[in-house]
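Subject: Structure handover

Hello,

Here is the structure for your files. My notes on it follow below.

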Amino acid sequence: MRAVPTWIDKVHDRDKIEQCIYDLAFKPDGSQLIVAAGNRVLVYDTSDGTLIQPLKGHKDTVYCVAYAKDGKRFASGSADKSIIIWTSKLEGILKYTHNDSIQCVAYNPVTHQLASCSSGDFGLWSPEQKSVSKHKVSSKITCCGWTNDGQYLALGMMNGVVSIRNKNGEEKVKIEQPGGSSSPIWSIAWNPSKDEHNDILAVADWGQKLSFYQLSGKQIGKDRPLTYDPCCVSYFSKGEYIVMCGSDKQASLYTKDGVRLGTVGEQNSWVWTCRVKPDSNYVVLGCQDGTIAFYQLIFSTVHGLYKDRYAYRDSMTDVIVQHLITEQKVRIKCRELVKKIAIYRNRLAIQLPEKILIYELYSDDTSDMHYRIKEKICRKFECNLLVVCSQHIILCQEKRLQCLSFTSVKEKEWLMESLIRYIKVIGGPPGREGLLVGLKNGAILKIFVDNPFAITLLKLSTSVRCLDMSTSRNKLAVVDEHNTCLVYDINTKELLFQEPNANSVAWNTQCEDMLCFSGSGYLNIKASNFPVHQQKLQGFVVGYNGSKIFCLHVYSMSAVEVPQSAPMYQYLERKMFKEAYQIACLGVTDNDWRDLATEALEGLDFDTAKKERKKRGESDNELFLADVHAYQGKFHDAAKLYKRTGHQPRALSMYTDLRMFEYAKEFVGSTDPKNTRMLMAKQADWAKSSKEPRAAAEMYLSAGEHLKAIDIIGEHGWADMLIDIARKLDKAEREPLAKCAAYFKQLQHHGYASETYAKMGDQQALVQLHVDARHWDEAFSLAEKHTQLKDLVYVPYAQWLAENDRFEEAQKAFHKAGRQNEAVKVLEQLTHNAVGESRFNDAGYYYWMLSMQCLDIAQQEVEMRRKFEVFQRLAELYHVYHSIQRYTDEPFSSHMPETLFNICRFLLNNLTKDVPLGISKVNTLYALAKQSRKLGAFKLARYSYEKLQELHIPSRFQEAIELGSLTVRSKPFHDSEDMMCYRCSTTNPLLNSQGSICINCKQPFIYSSSSYEVLPLVQFYLEDGVGDEEAVCLIDLEVPHTEKGSGASWQDRSAGGIL
């Protein structure tokens, strides 16, 4: 772990006096840092340390700051006993006070309730409430913090007590430190990790201890002793690490369990506060002398790899060993900072701050993952690199290499001429292993642990970044500082080849001539001196075993399965069959194996071909010899051997592939008709591929392959030949007959198609043929005979009629087919089109037809009854709107003013709820206003003009409406006559917002269908038990004359009465 300073600032007041930084807080998105410095609150940009704005509002030292989780506001507390709430726009919006100086503040992460703590009490404030609820405490509060779910607040006190309160301020748990007031609690923090099952509280006190507790108050583990007075403890966002600072003038990094990992940043004075930037590895420190230091923590990868075992550091104190093939993992808990890891065969070395642990596997099993401690070297070592062998550890420090036994005895030491950049164990007998060493000056050496002298292999002109040696120890691959991969022959020192864009390289441990290297987002595989095969891959190549490449990307190692097909085919192209066989053994597909065998046979490399056959489980030597004869051109000898081994199909395939059909017929003879047909089919295939379709078709017919023959004849349009086949076929051969009929349809020979379908007895296909050809008479004739096919005829017929604008006929056709819903849909579409094209008279007619259609089927469906009423209403509305639309859009009208006046009133009285599509209220009100003026209904005209002002008026009406609105005001504000209800004699306004009903008795008005005047008619209902004839007689009776004061009276009911 390294701490890299990002920016540093020092805070002074106007008199250049250093201002102590008591507290820090990050905005939740990490973009801003809030600083408590002197009596000011400073706001910094975290990206570069720029001071955005100083905030002034406190009159004394600011001790604490806190930001709400939602990022909308933050708070500051001061020695002036006040709390100020600031918005994210850096504006102060609220201020409240306590009786003592404010020591700490904390926002609830869920409810955003603010806890503010002073020397004698603490308060709880939330934006929803006006007052602050305060609670007395027995000791000075030094720190506070909410649990992750916002249910509990922990208070750290001067008397060594941690008090855990609920949201109402009531104490639920009390934790008392053994030291009491001599160990004041100075900082607390809840672990923010979501993976922890319990809420964990970290407590740092001035008894120089770090402790951990559960929410219940139970301590976790033992106290962690410190060597300084802690001033602040802060968790990383995911809870994996802790940062703590204090009187030792530095901040230190700890694990979540309190194991110290290293120093974040050393300062010149007490570090009072430290905070971690949300969701990052940045840490900021605030010091006594006013220094604000912003650091980035860089966690380096500590790991080791040997073949398919990968060991790496996890959580800084654990080591995980991963088997890259089986994906098994084992965790070794060291409980101290892991500094270096090395792995080799069954050995694992882990360097800790004060010792090195040597582990070994329990058994020699290659899949065993159980390690046990073999030795402990209890000494502190400073080294850059660590390597472990069977009986030694190798320590690398700058230019020096030391070889130590597992008992800590130094056995050898080598001093290099330059810095050591790379070291790797390349194997060897136990106690005599070889090391490959690359230096900064370009020298590459080989060292044996039992030899005091290093052997120089090569000397490059540039520094070495990565090294690897081939399995035979004859070739060396190097990646230099210019990212070039160089491959040398170790014996001759000759440069064999070089490739650019490399950051790491590895030889295949199972194949001498194969290596891979990574760089620029690609994995490069090179076999011998062939061109490089590339594929995309992120990360560094660290190992290559068989068909698996081990790749390290960021902190994770993965095994990538790479098919070896590409290099195998590269060898095959050069006729290097033995090398191709070696590559294939690493992992290729079955097809690749077959290709290898075929190429080897063609190249007369029978040894490789035989190996391939054995690998596939074929061990018949005579069969192999037959293949050899075939590839040597001895076809008749091969055929005899195939026959002897029982593989006659292979002989036939050989002859037919070579177009030796006569030899094939001789081979088969006349005894096997099945093989004879097969030969004919093969010959037909050849004729087809040779562009002789007619001959191919005749051969297919001879071989009984009717379908293939029909396909060829149909594709070439030979109808005469096709009908001959159809007539010769038996009616039971339905598939070839159906194919013939399909081709007849395609070729427009409907008569032949009809004949074929009739032969098959497929009436449905025959009907479909007539329908597709629009031969309706023939289709209707068949439908009459076969009623189950009615739908297949009438539905397409109706659709055809509708497409040809013969809608009434289409409707009848849908009726005949029993498709009432389709009939309705056709009319609905017609209606919609008529409305869209402003043909409102047509729309009214179509809606009337729709209502009649719905009425026909209303007995079966309740929904249709509802639709009948809706469509009747729409038919009437569109019918009357047609007159209004013609009046507003055309220069002349055939209607009298009284009729237009009544039409407009009728329409508006019926548009109280919703306005149907296409009907314009503007046109209707405009027409009504003009006719009202003509007929002296000035009050109604003024009302119409006022309503028009509320609507969007087209520009062509704008001037006329504005002029009419002004001139109508000069007229008297009354109408010439009102409308009377013929049932209750109540006078009704000309326009009624309740609809076309009486405002008093709610009786619907009945209109004339020509002039739309209200007719003197009253609708009534008969009482139960009164028949139609009796009702007529009662109506014909004269009105009886009753004497004044008599008890008889005329009864009038809205329903169930007699009028």
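**Salt bridges and a few local features**

Glutamate 171 is partly exposed, at 40% relative accessibility; buried here means under 20% relative accessible area, exposed over 50% and partly exposed in between, with a 1.4 Å probe and protein chains only. Its salt-bridge partner is arginine 165, with the closest N and O atoms 3.9 Å apart. Arginine 165 is buried, with a relative accessible area of 10%. A salt bridge here is a side-chain nitrogen of Lys or Arg within 4 Å of a carboxyl oxygen of Asp or Glu.

Please note that this is a predicted model, in which local features need pLDDT of at least 70, side-chain atom pairs count only at pLDDT 80 or more, and totals for chains, interfaces and linings use all residues. Residues are numbered from 1 along each chain as its sequence is written, and side-chain values use heavy atoms, with hydrogens and water left out.

Lysine 475 and aspartate 513 also meet through their side chains in a salt bridge, at 2.8 Å from N to O. Because lysine 475 lies in strand S46 (residues 475-480) and aspartate 513 in the loop between strand S49 (504-507) and strand S50 (514-519), the pair ties together parts that are 38 residues apart in sequence. Helices (H or I, at least four residues) and strands (E, at least two) are DSSP runs, numbered from the N terminus. Lysine 475 is buried, with a relative accessible area of 19%, whereas aspartate 513 is partly exposed at 26%.

In total, the structure holds 21 salt bridges. One of them is formed by aspartate 289 and lysine 10, at 3.7 Å from N to O. Aspartate 289 sits in the loop between strand S27 (282-287) and strand S28 (291-298) and lysine 10 in strand S1 (residues 2-10), so this pair ties together parts that are 279 residues apart in sequence. Aspartate 289 counts as buried at 9% relative accessibility, and lysine 10 as partly exposed at 35%.

Helix H1 covers residues 565-573, and its buried residues include Ser565, Pro567, Met568, Gln570, Tyr571 and Leu572. Just after H1, lysine 575 has a positive phi of about 60°.

Regards
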